[in-house]
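Please read the points below with the sequence and the model open beside them.

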Amino acid sequence: MALIVHEDTQIIKIGCLGDHKVVVFYGPDEIKFLAKENDTDLRELEECYLEHNGFVDNLMGPNGVYTAVGLNNMTLRVVIHESVHAAHCVMDCRGIPISMENTEIEAYLVDYIANSITNHLERRRHDDKIN
C-alpha cells in the first residue's frame, strides 16, 4: 500500500538511495489530506507548517520512511534552506554520516531536491497561467 497524497503534493523519488521518497507539501490542505487518507495524526506538522516558512521531518508511511518537506513560503531562499534539512534527513535515514567526507553526497542531494522543487513550482505556475 502506497502513501496516499493530495493531487498537488509532490513526491520526489531518490532512487540512488533505496528509492527514498521526499514528500513536498505546499499548503495546509495537503497535510490534512495526508493525515485523513493515511489515518495519521499530523497536527504537529500542521502547526509547524503554519508557524514557520517551512519544515522538514521524517514520517513513517506504509512503505517505510518518507521525508516530509512543508513549504509555507516558496522563495528560493526557503526552498534551498529546507532542501539542506531534507538532505540531512535522507542521509540520516540511510545511515550516511553528515561529515566532511560526505559533503559531495550532501551537495548532490541538496541540488537534486531543490531543483526538483523549483521545477515542480515552475510547472505549477505555468499550468495556473494556462488554465
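At what angle do helix 1 and helix 2 pack, and how far apart are their axes?

1. Helix 1 and helix 2 (residues 43-51) pack at an angle of about 175°, with their axes 10 Å apart. Axes here are lines fitted to C-alpha atoms, for helices over the stretch in contact, and angles run from 0 to 180 degrees between N-to-C directions. The two helices are therefore roughly antiparallel to each other, a label for angles over 145 degrees. P28, I31 and K32 of helix 1 meet L45, E46, Y49 and L50 of helix 2, where contact means heavy atoms within 4.5 Å. By class, this contact has 5 nonpolar, no polar and 2 charged residues. Nonpolar covers Ala, Val, Leu, Ile, Met, Phe, Trp, Tyr, Cys and Pro; Asp, Glu, Lys and Arg are charged, and the others, Gly among them, polar.

2. On the source: this is a predicted model, in which local features need pLDDT of at least 70 and side-chain atom pairs count only at pLDDT 80 or more, while totals for chains, interfaces and linings use all residues. Residues are numbered from 1 along each chain as its sequence is written, and side-chain values use heavy atoms, with hydrogens and water left out.

3. The protein chain has 4 helices and 4 strands, in the order β-β-α-α-β-β-α-α from the N terminus. Helices (H or I, at least four residues) and strands (E, at least two) are DSSP runs, numbered from the N terminus. Of its 131 residues, 42% count as buried, that is, under 20% relative accessible area (1.4 Å probe, protein chains only).

4. L34 sits in helix 1 (residues 28-37) and is buried, with a relative accessible area of 3%. L34 and T9 are 25 residues apart in sequence and 9.3 Å apart in space, C-alpha to C-alpha.

5. The largest nonpolar core has 21 residues, and V22, V24, V69, L71, I113 and I117 have the most contacts inside it. Such a core is a set of buried Ala, Val, Leu, Ile, Met, Phe, Trp, Tyr and Cys residues joined through side-chain atoms within 4.5 Å. Its largest share, 7 residues, comes from helix 3. Another core, of 12 residues, lies apart from it and includes F25, A35, L59 and A68.

6. Buried residues of helix 3 include V78, V79, E82 and S83. Helix 3 is followed by G95, whose phi is positive, near 70°.

Conventions: Buried means under 20% relative accessible area, exposed over 50%, partly exposed in between (1.4 Å probe, protein chains only). Angles under 35 degrees count as roughly parallel, over 145 as roughly antiparallel, 65 to 115 as roughly perpendicular and the rest as oblique.
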